[in-house]
Amino acid sequence: MRKPGTQVLSSAEHALRVVLLVTERGKITVSEVAAELSVGVSTAHRLLATCKHAGFVRQDRSGGPYTIGPAVYEIAFATNAAVSLKDAAAPVLQDLRAEVGETTSMLILEGRNVRFVDSLEGHRHSVRVTPRVGVVLPAHCTSGGKAMLACLSEEELRRRLPGHRLVGVGERSIRTWPDLTAELTRVRRRGWAANLNEGDPGIGAVGAAVRSGTGEPRAAVVVAAPLARLGTGRELAALAPAVVEAAARVQRRLRGAPAG
């Protein structure tokens with residue numbers, strides 16, 4: 001008689017082996033999984049579907065091979081990339097703050113939220129945004145979060161925001177799925193995202209994504225200021241080129257290229 005929990009353990013072990021296979025090979029098919037695990041094709045398909053739902057693999061077209069999913073990159077980032085990202089971003093955030101005089105920050109994506117992992121307080125004005133290292137906010141309520149969400153496929157976006165549930169935290173937070181998808185379309189078109197009183201009250205911000213070599217969002221660079229200085233579309237647009245260039249510099253540094 002099979003002991004209670006044995007089937008669950010076996011399925012978990014198989015799923016982990018699927019993740020290992022795809023990370024070792026870069027891509028894998030249903031038939032290859034079936035052969036490697038000595039299971040039926042239907043079981044292999046079910047295992048891959050589970051891994052896909054959890055974000056560990058992805059499939060760019062129906063019937064095509066499965067490749068490494070965004071969740072694998074998140075784990076890799078959490079285990080060994082945080083230091084390299086912070087090292088790559090630190091001088092860029094310093095230069096950006098010197099250029100614009102406002103508070104600069106680095107955010108990473110954690111599920112449906114963002115976390116501030118580095119932040120330098122602005123220095124030109126007596127009233128300024130304080131550093132927010134460690135603060136966690138819903139991604140769709142921040143400029144950096146929206147910049148990173150705009151990098152995701154529709155499938156991955158739905159995985160992170162199941163049921164299209166959007167909880168606002170600010171006066172102007174996005175609260176409906178159509179509004180979010182329209183906003184992300186604008187972000188993709190112009191290459192940067194804005195936040196006007198959507199997260200922390202009284203704050204405007206501009207954010208741009210830092211992408212991995214495969215296009216996945218690694219982080220976001222953000223400049224934030226009180227609405228009195230960053231509260232109009234013109235002010236946001238004027239600041240955007242510096243933020244976009246800073247994100248590109250971090251991206252180049254992460255890839256080992258000269259920062260420029």
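Before we start, residues are numbered from 1 along each chain as its sequence is written. Because the model is predicted, local features need pLDDT of at least 70 and side-chain atom pairs count only at pLDDT 80 or more, while totals for chains, interfaces and linings use all residues, and side-chain values use heavy atoms, with hydrogens and water left out.

Let's begin with the whole chain. It has eight helices and nine strands; these are DSSP runs, H or I of at least four residues for helices and E of at least two for strands, numbered from the N terminus. Of the 260 residues, 47% are buried, where buried means under 20% relative accessible area, exposed over 50%, and partly exposed in between, with a 1.4 Å probe and protein chains only.

Now please find helix α2, residues 30-37. Which of its residues are buried? They are Val30, Val33, Ala34 and Leu37. Looking down the axis of α2, the buried residues fall within an arc of 100 degrees, so they line one face of the helix. That arc is taken from the directions from the helix axis to the C-beta atoms. Ser31 and Ala35, on the other side of α2, are exposed. Just past the end of α2, serine 38 has a positive phi of about 55 degrees.

What does α2 meet in α3? Val30, Val33, Ala34 and Leu37 are in contact (heavy atoms within 4.5 Å) with Val41, Ala44, His45, Leu47 and Leu48 of α3. The axes of α2 and α3 (residues 41-53) come within 8 Å and cross at roughly 110 degrees. This makes α2 roughly perpendicular to α3, a label for angles of 65 to 115 degrees. Axes here are lines fitted to C-alpha atoms, for helices over the stretch in contact, with angles from 0 to 180 degrees between N-to-C directions.

On to the sheet. It is open, with six strands in the order β6-β5-β4-β9-β8-β7 and antiparallel pairing; two strands pair if DSSP finds at least two bridges between them. At the edges sit β6 (136-138) and β7 (193-196), each pairing on one side only. From one strand to the next, the twist averages 30 degrees. Between β8 (residues 203-211) and β9 (residues 217-226) there are nine bridges, and one of the pairs is glycine 207 with valine 222 in β9.

Finally, helix α8 (residues 233-254) packs on this sheet, touching β4 (103-110), β7, β8 and β9. Its direction makes about 30 degrees with that of β8.

How values were computed:
Parallel < 35°, antiparallel > 145°, perpendicular 65-115°, else oblique.
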